[in-house]
Amino acid sequence: MTGKLLLKTALAVTATAVAGALATDARSGWYQRLKKPSWQPPPQAFGLVWTPLYALIAYAGARAISRGDQDESRAFRSALAGNLVLNAAWPALFFRARNPRLALAEILVLNASNAVLVRRGWSADRRAGLFLLPYAGWTVFATALNTDIARRNRDG
């Protein structure tokens, strides 16, 4: 794995993180009024979790791209690009569009994309696949949270 490749994956992941952060507004009156489950982590926990997850995605991405054969690398790059677009879209749908149900539909697609990403990462480099598992796991947790919020707030 080259430093240049790691820089490229890190920049792509950073752009995703910035887009998500800019779309997220946990202090908005709309968000504050939502009925949320008692098991929802405090807002500051999300940044603490996402930061290392994004680092793992960047590192795993560089590993998978550099260690796979040409077809595996191409397939992984494509899967990663699509995944990062989906990752960045969720906060915009949830917080900016104020639509937990639409965000739920989108995060279900993101979960499928995560499964593909982990599988392609594993195929190219087993450690890359393993490094992507915490991201996939956290997104499943986020899906459960999104589902509960959408259920509790059906009226709006």
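## The largest pocket

Helix 6 gives six residues to the lining of the largest pocket, the largest share of that lining. The model is predicted. The pocket holds about 640 Å³ of space. Its lining counts 25 residues. Nearest the centre lie Thr24, Phe46, Trp50, Trp90 and Phe95.

Which elements give two or more residues to the lining of the largest pocket? They are helix 1 (3-23), helix 3 (43-67), helix 4 (70-96), helix 5 (100-124) and helix 6 (126-152). By residue type, the lining has 18 nonpolar and seven polar residues, and no charged ones.

## Helix 5 and helix 6

Two packed helices are described by the angle between their axes and the distance between the axes. Take helix 5 and helix 6. Their packing angle is about 165 degrees, and their axes are 9 Å apart. Angles over 145 degrees count as roughly antiparallel. Helix 5 and helix 6 are therefore roughly antiparallel to each other.

The crossing of helix 5 past helix 6 is left-handed. How do the residues of the contact of helix 5 with helix 6 divide into nonpolar, polar and charged? There are 20 nonpolar residues, eight polar and two charged.

## Helix 4 and its two partners

Helix 4 packs with helix 5 at an angle of about 160 degrees. The axes of helix 4 and helix 5 lie 9 Å apart. Because of that angle, helix 4 is roughly antiparallel to helix 5. Helix 4 passes helix 5 in a crossing that is left-handed. In the contact of helix 4 with helix 5, the residues divide into 18 nonpolar, six polar and three charged.

Now turn to helix 4 and helix 6. Is helix 4 roughly parallel or roughly antiparallel to helix 6? The axes of the two helices cross at roughly 30 degrees and come within 13 Å. Angles under 35 degrees count as roughly parallel, so helix 4 is roughly parallel to helix 6. Helix 4 passes helix 6 in a left-handed crossing too.

## Aromatic pairs

A pair of aromatic rings is described by the distance of the centres and the angle of the planes. Rings of Phe, Tyr and Trp pair if their centres lie within 6.5 Å. By this rule, the model has twelve aromatic pairs.

One of them joins Tyr31 and Phe94. The ring centres of Tyr31 and Phe94 are 6.3 Å apart, and the planes stand at 65 degrees. Planes over 60 degrees apart count as edge-to-face, so this pair is edge-to-face. Where do the two residues lie? Tyr31 is in helix 2 (residues 29-33), and Phe94 is in helix 4. The pair therefore ties together parts that are 63 residues apart in sequence.

Conventions: Residues numbered from 1 in each chain as written. Predicted model: local features only at pLDDT ≥ 70, side-chain atom pairs only at ≥ 80, totals over all residues. Heavy atoms only, no water. 1 Å grid on protein atoms, 1.4 Å probe; cavity = no way out; pocket = protein on both sides within 12 Å on 5 of 7 lines; lining within 4 Å. Points joined across faces, edges and corners; volume = space filled by probe spheres on them. Helix = DSSP H or I, 4+ residues; strand = E, 2+ residues; numbered from the N terminus. Nonpolar A, V, L, I, M, F, W, Y, C, P; charged D, E, K, R; others polar. Axes fitted to C-alpha atoms, helices over the stretch in contact; angles between N-to-C directions. Parallel < 35°, antiparallel > 145°, perpendicular 65-115°, else oblique. Left-handed = near helix turned anticlockwise from the far one by under 90°. Phe/Tyr/Trp six-rings, centres within 6.5 Å; stacked < 30°, edge-to-face > 60°.
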